[in-house]
Amino acid sequence: MMMSGHIDPNSPLIPAQEMVLPTLQGDGKRRWINPALAKGKYWQRRRWLAYALIAFFVTLPHLRFAGKPIVLIDIVSREFTFFGHTFYPTDSGLLLLLLWTVFFTVMFVTAVGGRIWCGWGCPQTVYLEFLFRPIDRLFAGTAGKGGKPRKSLNTALQLARFAVYLVCSMFLAHTFLSYFVGTDRLAQWIRLSPWQHPTAFGVMAAATAGLMYNFMFFREQLCMVACPYGRFQSVMLDRKSLIVTYDIHRGEPRHKGKAIGTDKTGDCIDCGHCTAVCPTGIDIRNGLQMECIHCTQCIDACDGVMDKIGKPLGLIRYSSQDALAGKKHSWIRARTLIYPALALLASSLFLVLLTTKFAFDARILSSPGSPYAVTNSRTLQNNFRVRLRNRSNQQETYSIEILSPSSASVQWSDAAPTLTPNETKLVPIMVTAPVGITAANHGHIKAVVKIADGSGHSREIDLTLLGPG
Ligand code: SF4
Ligand code: SF4
């Protein structure tokens, strides 16, 4: 496709021979996309889903599970809370399993339903199409078939529109940050003067500015040039994936004018409605394109046209490349079996580890100073420290015992430690054994201790006792 856009004949620019981006003109300037609106059945469904999702995105950081936020990504404290469980940097294995679960689920959903997430659930689409574009339409209307907005705004209206954008962006910035700092801290920041927490205020201002830039200026380009998921979709899709597609066999040869759907012509009357409503500025009739976010607006627009000219709906519809080519559609294929199986495996492992190993962390560290001492000439003493972290939601007191060697014993150097939820303590322990226990093994011997909380969870930990060789 040749690039649209006028280039001055005296300009040193060489016009691009192909479309680089739908948002670029031939001379490299921005091509602003002001899509018309097709209020068809998919739009109605997407709209209600979008309202529900906006309510969900805003409410989620306020919800609590077992006294903790349902989701909190606390970057400063390096903690991630998810459904009452708090993960620490030491839980990289568990987090990796969680990420694999998400990764394989995304692969599976894309293999089956194409970019259904982009068109129906992604916050960028939801907020742009169902919050910010309606604001634009409120102030400037639409051109009916896309192109420029109907009204050019005077300065007062432009300022008013800017103010509405600013208020919405500030609200979204607060919502966004509440996922990272929690609603309690956020409420505290809001109540205090900016001078009392300049860093937090700076973060909030930067987030607001970023959202303003995104929704006022960058817009659909985020999906095309910045979102990695959009770039990867081509490897996740196959010819049987569900995509928004134009039925080329039925629509071509397209024609303008009155000869609607005769034997020699297809059903497409080249009215341009499908391109006028496209929020990424593409023409679905050119086939599957990376810029298509599967928003279904072209389906709604074309169905409206087909309805008017008395043709069956669905010239543009959800289908697959194979189905359009007349092949039998099948949901069952290698990737729709392997991806969910891998997601199930990763999530099962995650849940097993989470439920069996999650109550507390215990790590044994050596004590500073002499590695061992021989007391009363018969007893060998090794001192260690245990880094204990209570990961449960209740106060726990911990006990310790030695499993091997049987002639050794272990005890907390002070009283048995009691930790409140999420508390971490460094607790000294003392292991004693007969002095000759290390003699046969060049001055060291393996030992195993067991630490348990009062709720029945326990850990067995290996350590090395040192002594005379
Ligand atoms: S809306 Fe339908 S009929 Fe009109 S140009 Fe697009 S595909 Fe053809
Ligand atoms: S081609 Fe259709 S489904 Fe794809 S982004 Fe454009 S309007 Fe949405």
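This is a predicted model: local features need pLDDT of at least 70, side-chain atom pairs count only at pLDDT 80 or more; totals for chains, interfaces and linings use all residues.
Residues are numbered from 1 along each chain as its sequence is written, with chains lettered from A and ligands numbered from 1 in the order in which they are written.

**Around helix 5**
- Ser169, Leu172, Ala173, His174, Thr175, Leu177, Ser178 and Val181 are the buried residues of helix 5; buried here means 20 or more other C-beta atoms within 10 Å of a residue's own, exposed means 12 or fewer, partly exposed lies in between, and C-beta atoms are placed from the backbone.
- Their cover includes helix 1 (41-59), helix 4 (123-140), helix 6 (183-191) and helix 7 (198-218), where contact means C-beta atoms, placed from the backbone, within 7 Å.
- Just after helix 5 comes Gly182, with a positive phi of about 85 degrees.

**The two ligand shells**
- Ligand 1 has 15 residues around it, and Cys268, Cys271, His273, Cys274 and Cys302 come nearest; a residue counts as near if its C-beta atom, placed from the backbone, lies within 6 Å.
- Helix 11 (273-276) and helix 12 (297-309) each supply at least two residues of the ligand 1 shell, and helix 12 gives the most, with 3 residues.
- The ligand 1 shell has 10 nonpolar, 3 polar and 2 charged residues; Ala, Val, Leu, Ile, Met, Phe, Trp, Tyr, Cys and Pro count as nonpolar, Asp, Glu, Lys and Arg as charged, and the others, Gly among them, as polar.
- Ligand 2 is surrounded by 14 residues, the closest being Cys278, Ile284, Cys292, Cys295 and Cys298, and its shell divides into 10 nonpolar, 4 polar and no charged.

**Backbone points to check out**
- Most residues other than glycine have a negative phi, and most peptide bonds are trans.
- Arg219, in the loop between helix 7 and helix 8 (221-226), has a positive phi near 50 degrees.
- Arg219 is buried, because 20 other C-beta atoms lie within 10 Å.
- His442, in the loop between strand 15 (424-434) and strand 16 (444-452), has a positive phi of about 55 degrees.
- His442 is exposed, because 8 other C-beta atoms lie within 10 Å.
- A cis peptide bond joins Glu252 and Pro253, with omega about -5 degrees.

Technical notes
Helices (H or I, at least four residues) and strands (E, at least two) are DSSP runs, numbered from the N terminus. Two residues are in contact if their C-beta atoms, placed from the backbone, lie within 7 Å.
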